[in-house]
Amino acid sequence: MDINLDNFNIRKTIPYNAGPIGLPPGEERYIAKAQGLVGFEIFAKDKIFIKNIEGQQICEVAVFDLNGKSSSGLINKKNNNDAKFIKYILSNSYDKKYLLTKLKKRNIDFNNAKSVDFFDQETESGETISFTCQENGFIIIASPGEAMAIEKNNAASDLEIKVQR
């Protein structure tokens, strides 16, 4: 029995493959999980895009130069916070040992870190910020939050980071 599919309203999809196979050459993708963080090396002329996937999520960014000093000038921004969430996670979380060893190898003292905060409670879902790195260094991007209270709708959400090298 032959079925003619022309008579049916079939939706064609173009799936987005987010893995390394689905990314263009020279592009990397990271996810800063809700109430978590991600850290990686940056290089001069890298373009970094941070997408607020669900909206209303603050983004905390700490940048360090090659000497391990906190320096938001590497991304052409000015510090506007004290990196409280990054310091809290790195000081109190046992599953960040890999990141701590990376920081130690680079002589980064996260206790003196300053941060640049992006987004706020008014941020729309899908909103993206971007910046270009001026020099080589190391960046930590966090998605701060607390455990959601039942009577509030304040759950932290993930941030998507794309780097074009």
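1. Let us begin with the neighbours of E60. Leaving aside residues up to four places away in sequence, E60 touches A83, K84, F85, I86, S115, V116, D117, I140, I141, A142 and P144. Contact here means heavy atoms within 4.5 Å.

2. A word on what you are looking at. This is a predicted model, in which local features need pLDDT of at least 70 and side-chain atom pairs count only at pLDDT 80 or more, while totals for chains, interfaces and linings use all residues. Residues are numbered from 1 along each chain as its sequence is written, and side-chain values use heavy atoms, with hydrogens and water left out.

3. Back to E60, which sits in strand β4, residues 59-64. Helices (H or I, at least four residues) and strands (E, at least two) are DSSP runs, numbered from the N terminus. E60 is buried but has no salt bridge; K84, the nearest side chain of opposite charge, is 7.9 Å away. Buried means under 20% relative accessible area, exposed means over 50%, and partly exposed is in between (1.4 Å probe, protein chains only). A salt bridge needs a side-chain nitrogen of Lys or Arg within 4 Å of a carboxyl oxygen of Asp or Glu.

4. Which backbone nitrogen lies 3.3 Å from a polar atom of the E60 side chain? That nitrogen belongs to F85. F85 is also among the residues that E60 touches.

5. Now the overall layout. The protein chain has two helices and eight strands, arranged along the sequence as β-β-β-β-α-α-β-β-β-β. Its C-alpha trace spans about 70 × 45 × 30 Å along the principal axes. Of the 165 residues, 38% count as buried. Taking contacts between residues at least 6 apart in sequence, 84% join residues at least 24 apart.

6. Surface and charge come next. The protein chain exposes about 10700 Å², with carbon and sulfur atoms supplying 49% of it; the areas come from the Shrake-Rupley method with a 1.4 Å probe, and for residues only the protein chains shown count as cover. There are 22 positive and 22 negative side chains, and the centres of the two sets are 7 Å apart. Lys and Arg count as positive and Asp and Glu as negative, with His and the chain ends not counted; each charge is placed at NZ of Lys, CZ of Arg, CG of Asp or CD of Glu.

7. How many salt bridges does the structure hold? There are eight. In one of them, E27 pairs with K162, the closest N and O atoms being 3.9 Å apart. E27 is in strand β1 (residues 27-32) and K162 in strand β8 (residues 159-164), so this pair links distant parts of the chain, 135 residues apart. Both E27 and K162 are buried.

8. E160 and R29 make another salt bridge, with the closest N and O atoms 2.7 Å apart. E160 lies in strand β8 and R29 in strand β1, so the pair ties together parts that are 131 residues apart in sequence. E160 counts as buried because its relative accessibility is 10%, whereas R29, at 30%, counts as partly exposed.

9. D82 and K87 also meet through their side chains in a salt bridge (3.7 Å, N to O). D82 is partly exposed at 28% relative accessibility, while K87 is buried at 17%. Elsewhere, salt bridges that share partners join E28, D46 and R165 into one network.

10. K87 brings us to helix α1, residues 84-92, whose buried residues are F85, I86, K87, I89 and L90. What do these buried residues pack against? Their partners are β2 (36-42), β4, α2 (97-105) and β7 (137-143).

11. G36, in strand β2, is worth a look too. At 6% relative accessibility, G36 counts as buried. Beyond residues up to four places away in sequence, G36 touches F85, I141, A142 and S143. The C-alpha atoms of G36 and D2 are separated by 53 Å, although the two are 34 residues apart along the chain.

12. Finally, two backbone angles to inspect. Q35, in the loop between β1 and β2, has a phi near 60°, a positive value in a residue other than glycine. A83, in the loop between β4 and α1, has a positive phi of about 55° although A83 is not a glycine. Are these residues buried or partly exposed? Q35 is partly exposed, with a relative accessible area of 36%, and A83 is buried, with 0%.

How values were computed
Polar contact = N/O pair within 3.5 Å; in protein donor to acceptor, adjacent residues only side chain to side chain.
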